[in-house]
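Take a look at the model below. We will walk through it step by step, from the whole assembly down to single residues.

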Number of protein chains: 2
Amino acid sequence: MAFPRPKPTTGETLAMERASPPFNVRKLAVLMHKSEKDLARKERFMAEIARTPAFRLDDIHDLSKDEIRERTMEKFAIMVHYVTNESLETFNLRMQLIGIADPAFWTRFGVHYGLFLGAVRGGATTSQLNYWVEKGVLGLNGVIGCFGMTELAHGSNVAGLETTATFDRSSDEFIIHTPHIGATKWWIGGAASTATHCAVFAQLVVDGKKHGVKTFVVQLRDTKTFQLLPGINIGDIGKKMGRDGIDNGFIQFTFVRVPRSHMLMKYTQVSRTGEVFEPPLAQLTYGALVGGRTSMVSDSANSAKKALTIAIRYGAVRRQFSSGGNAIETQLLDYPIHQRRLMPLLAQAIANGFTAHKMEEMYGELSSALETLEPNDPNTQDVLDKLKEVHATSAGLKAFCTWSCLSTIDTCRQTLGGHGYSAYSGFPSMYNDFAVQCTWEGDNTILSLQSGRSLISSYTDAIRGKKLAPGVSYLARPNVFEAKSSGKLDLEDIDQGWACVAANLVRKAAEDYERLVKDKGMTKEMAMEGCSQGRFVAAKAHSIGYIFRMFKSALEAIPAEFENEKKVLLVTCRLYGLHQIEEQAGGFLKYGYFERKHLDAIELEVNDLCAQLRAVAVPVVDGFALSDHIINSPLGRWDGQIYEAYFDHVRRSNPLPKIHPYFERLIKPLLERQPATDFGGPEMRTELDEEIAELAAEAKRAKQTNA
Amino acid sequence: MAFPRPKPTTGETLAMERASPPFNVRKLAVLMHKSEKDLARKERFMAEIARTPAFRLDDIHDLSKDEIRERTMEKFAIMVHYVTNESLETFNLRMQLIGIADPAFWTRFGVHYGLFLGAVRGGATTSQLNYWVEKGVLGLNGVIGCFGMTELAHGSNVAGLETTATFDRSSDEFIIHTPHIGATKWWIGGAASTATHCAVFAQLVVDGKKHGVKTFVVQLRDTKTFQLLPGINIGDIGKKMGRDGIDNGFIQFTFVRVPRSHMLMKYTQVSRTGEVFEPPLAQLTYGALVGGRTSMVSDSANSAKKALTIAIRYGAVRRQFSSGGNAIETQLLDYPIHQRRLMPLLAQAIANGFTAHKMEEMYGELSSALETLEPNDPNTQDVLDKLKEVHATSAGLKAFCTWSCLSTIDTCRQTLGGHGYSAYSGFPSMYNDFAVQCTWEGDNTILSLQSGRSLISSYTDAIRGKKLAPGVSYLARPNVFEAKSSGKLDLEDIDQGWACVAANLVRKAAEDYERLVKDKGMTKEMAMEGCSQGRFVAAKAHSIGYIFRMFKSALEAIPAEFENEKKVLLVTCRLYGLHQIEEQAGGFLKYGYFERKHLDAIELEVNDLCAQLRAVAVPVVDGFALSDHIINSPLGRWDGQIYEAYFDHVRRSNPLPKIHPYFERLIKPLLERQPATDFGGPEMRTELDEEIAELAAEAKRAKQTNA
């Protein structure tokens, strides 16, 4: 390649990267966005918010917590417009985009529309739902909600929550009460300064008897004055790792009375006389959890794509060290180790993206089934089975996808070297905002173990001859896998490899569990805890295999007119599967699916696939279709002019004050300070010691003279 | 165990954990702090800063960037007192503590005393050093330094820096100049608002010829007025991921003149007439880099210990879920999976701590050797060999210890569930402050590859019959390792296992390198890049094995009177070695050191070791001897009263404003908003469509009538 000038500019370098991709970028984008229609909608959303002043993003790193919270409410007012005028499907797609552009706002919005309204929709009877809709809950007219589940001392163990809701028959009311500090509602998003109502999870108590945790809508503030209502004590939770744009708070209730009708009674009912009717199928209430997890799988893919867009564009234009006599330094992306750091993550993000589409589809089907389910419906068992499968799958995927995204963000940050540490690179806030995904809505470790527990149960079912759901059917045959002894591995071989390792790990966990119960006499619960490490690694292998399978099956469904785009996705899919094998090589060797020679060959092929993907990496991330406004990083700009933009951004954001704020008070005295005359200083000490020696000698002489 | 009350308080729970440790906590602390004297000094430092108002830590999460920077200078004034009155050894120990209590201040202080003064000490001739000492550099009297190495477009490639220092013979001056935006000095700590002088790294140019990068002391600001001097353009770099207490800035020089004597000339000299004398042994200048890396190994251990103290105390007092009919919920630490998450990290932090001691010792010896080295000294080659070994060892350890610490901090955060996301837990700032350690003073990936390159070179030396340094002597024999076929593995077996895997990985990388040179005809540099993944994994295995060996040898040196303390450290050491084997199982199976049955046995033993260490985990972290002030997390308090302290801390830090700052402007209009009458709304549309249908029908009728 001959350059007109000794060194191409960063912009020119990026243009060269885009010069002749072996596929159509827009067609690749369509595949990764499900459809042309979805892609176009996303582009419209991006254009809309780019022109909305409240959605300005370039200054967010320098706003204080209070300023950013205030701006959240400006955005709220705008988004309300959309929600009352567009379909749920369109709205969900819009929220996906908001999730990566502005996670704190996404959370504040989601707390009302997802959690609060979701709790009401899911838990209210028809008349109750009508009541809240008439009150204005859909358009925030008179009701801004928050979601009061977590307490200071209880998070994961929802059944152990200690806030009480005691039925007072005489007044037909519930008395909501926080019995001690540990039962304080904690982390409640929106409570600190923006909510009027709360969906409170509390122990239902009737006539001294506990009936478990139910949901009660409790008003917190007067809607005219915004003053706290009597009995409500609210505080601000303050600074967090990220998402400071949402006002998390704590709430303490002191004998707060709400009408009986404020308990959501679709499942459990309390009559006027205090009779409690429990639901026949409590499991159906789990459906709501799956929605949140599904959205986190897709958010993991999208956030990783955002991080990778920046890291890959930067890696393409950043040059460092020249090899040999070359005057032009080498692009970071041309270093094999840089490819090794980023290309497998790129493959993973794309794999997770296709898995998220599949997960959304499964969730959509499940939701319809749940909504149309009538009491005593003959399909009930089928729906419950489906729910169980989706529940377990979403649990494992939520955990491993959010973990892998968090780690992708930080690896991307590190590939920018020092510049990744600048707030303006976008990575610090991306990491800090995303980090909460690993612990909220089901702590990842607990969810992984749930997934592992479900896998053991499926394996046990298989042994007993029960037919398994398609996603876990491979568990029935841990012994039948055999690797190709020669020739190149195809996608099917990789798929079988993952099935082999996952099936063997599940079998091992199940056998450990049995052993603990039978030989060690443990209770079932203790034995489950005893094999938790086994459950964990089994769930991890299952999830990786599942993602690979979803990616592979998405590729198989690609229409013929996308031939060139499919080719690059095939490279990506192979890289995902093979790189993950390298990472988990122990399992493949242990269960004999591969020998050393296979792994040596895989290492070479991964190197090669990384190089192949690197060659098209810039057009591939262009296919993620993220505008500069959403990327919000001068180092990841579309035009590649990173240094000018970064310099300009830093300078604009940090004007130097005309008068130094603490020079006179602190720096000047330091500069003009004279070292204190110190009696104990070395010179003084030497002098003193000499005097002592003389005095001592004199005393000695005097003593000798006297003797 | 019978409890007097149904549920022990968190304070009581922690007291029970400490009731009867099978060792003396203070004696364990002495071992982990090298000596009683060092431990006592650390305790004194903690007491001193706890009573210094400027070192208040509980409010740091709620200070703005400007406030926290101002406080940095308050601390500076206090610390100057110590540095002029205590030995370097004591000072270094104090700085270790400051490093984990207050990383931003540590950095500002280190920029002057470590980097700026280090550059002057290391690079100045005797008369030059005297000049700067007389100017007041030791006590900041008239000189506050910063370190101008990194540029916007060049970090790792120091030789590629583009700032120029052109000799002007007529005036006997150098002209310092920033030729373009990419050559702007960037990230310069202290430059934005607190430094008067800068050690500038620039290309020496004499008579149009470049002589490489040298160091020049350039004054930035007038010391009386603090105004920027002519030709100096400085800006504030602004918000960063962490360490906002240090004022990083950028600097652009526009034809700034400094006297010739401001170039540091210990190694390269420029005479009055412009003759350039190059040093015979440029490598000796690398000595300074090793110091920074050594301190980062120890900081990694100390920061991990701080994180683990919080996570383990929290895990001991936090209860969640009760098993069976037990009314008392289970302590998190009693869950095997929780032990699996934390105990290996505890073992790793302790292993890294002992390795840091060893590293400090090696560095101390090297520094003495370098300082006493005379020109043409017969020991020169020995010292160079030693330097090479320490350089390679510190490079690998810096990379893998900082990575493991960063990951420890985030895992610890996640074990606190949602509470780890609160700023007041301490984890967010700990992570954000520490994160820079992975990319500064040698990017970790680049350092790992340097370590790998050095391992290949040692292996090649061994093949050629050269005797290797003790740290890498095992590389000479990749074929002779054989695992015990039966019986329990002892520490020697584990050591041999790591040596086997590392030796084989180094051999593989070396063979790949040879193959690329010979069979593929690559240049040596290209081949080195081509085997970079191999170098990377080899360096990782070498570093883990090295840490294990340092830990093991430290244990062997423990005196007999520490028998009980040694026992718990032996458990820790086994756990470190075996858990790391589990993590890297692929290598052990691939090179045949272990078979599947060994790994199954190791899994069980790791479970068991985790349980053993869990039983003493609280007293062990007590042995880290970190005061509540340093811990700075209500959730990790010594007394275990976490909920009360956390609640109190959150409330004190976030008083609610008397007047809501944006209710009137933003929330009230939202609450009272009437849905806009929308011509396109569904009702309206239905009406319109009915009208259209009628009009159309009418038109049709009219048409038919007309026809």
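Predicted model: local features only at pLDDT ≥ 70, side-chain atom pairs only at ≥ 80, totals over all residues.

Where does an axis come from? Two copies of a chain are related by a rotation about an axis and a shift along it.

Now turn to the domains. The entry gives residues 146-254 of chain A as "Acyl-CoA oxidase/dehydrogenase middle". Over this stretch, the chain is 46% strand and 0% helix. The C-alpha atoms at its ends are 18 Å apart. The entry also gives residues 490-671 of chain A as "Acyl-CoA oxidase C-terminal". There the picture is 76% helix and 0% strand. The end C-alpha atoms of residues 490-671 of chain A are 70 Å apart.

Next, find a helix in chain B. Helix H6 covers residues 103-123 of chain B. What is the angle of its kink, and where is the kink centred? H6(B) has a kink of about 45 degrees, centred on B:Gly110. This helix is mostly covered, with 16 of its 21 residues buried.

Strands come next. Start with strand E1 of chain B, residues 145-148. In a regular strand the side chains alternate between the two faces of the sheet. Follow that pattern along E1(B). B:Gly145 and B:Phe147 point one way, while B:Cys146 and B:Gly148 point the other way. Are these four residues buried or exposed? All are buried. E1(B) also has a partner: strand E5 of chain B, residues 197-206. The two run parallel and are joined by 4 bridges. In one of these pairings, B:Phe147 has B:Ala199 of E5(B) as its bridge partner.

Chain B also holds an open sheet of 3 strands, in the order E4-E8-E7. Its pairing is antiparallel. Which strands form the edges? They are strand E4 (185-189) and strand E7 (232-236) of chain B, each of which pairs on one side only. From one strand to the next, the twist averages 35 degrees. E4(B) meets strand E8 of chain B, residues 248-253, in the antiparallel sense over 3 bridges. B:Gly189 has B:Asn248 in E8(B) as its bridge partner.

Finish with two loop residues. B:Arg243 lies in the loop between E7 and E8 of chain B. This residue is not a glycine, yet B:Arg243 has a positive phi of about 50 degrees. Is B:Arg243 buried or exposed? Its relative accessible area is 3%, so B:Arg243 is buried.

The other loop residue is in chain A. A:Phe255 sits in the loop between strand E8 (248-253) and strand E9 (256-259) of chain A. A:Phe255 has a positive phi of about 50 degrees, although it is not a glycine.

How values were computed
Residues numbered from 1 in each chain as written. Chains lettered and ligands numbered in written order. Heavy atoms only, no water. UniProt positions renumbered as here; feature names shortened; annotations may be inferred. Bend = angle between axes of the 7 residues up to and from the residue. Buried < 20%, exposed > 50% of the residue type's maximum accessible area, 1.4 Å probe, protein only. Pairing = 2+ DSSP bridges. Axes fitted to C-alpha atoms, helices over the stretch in contact; angles between N-to-C directions.
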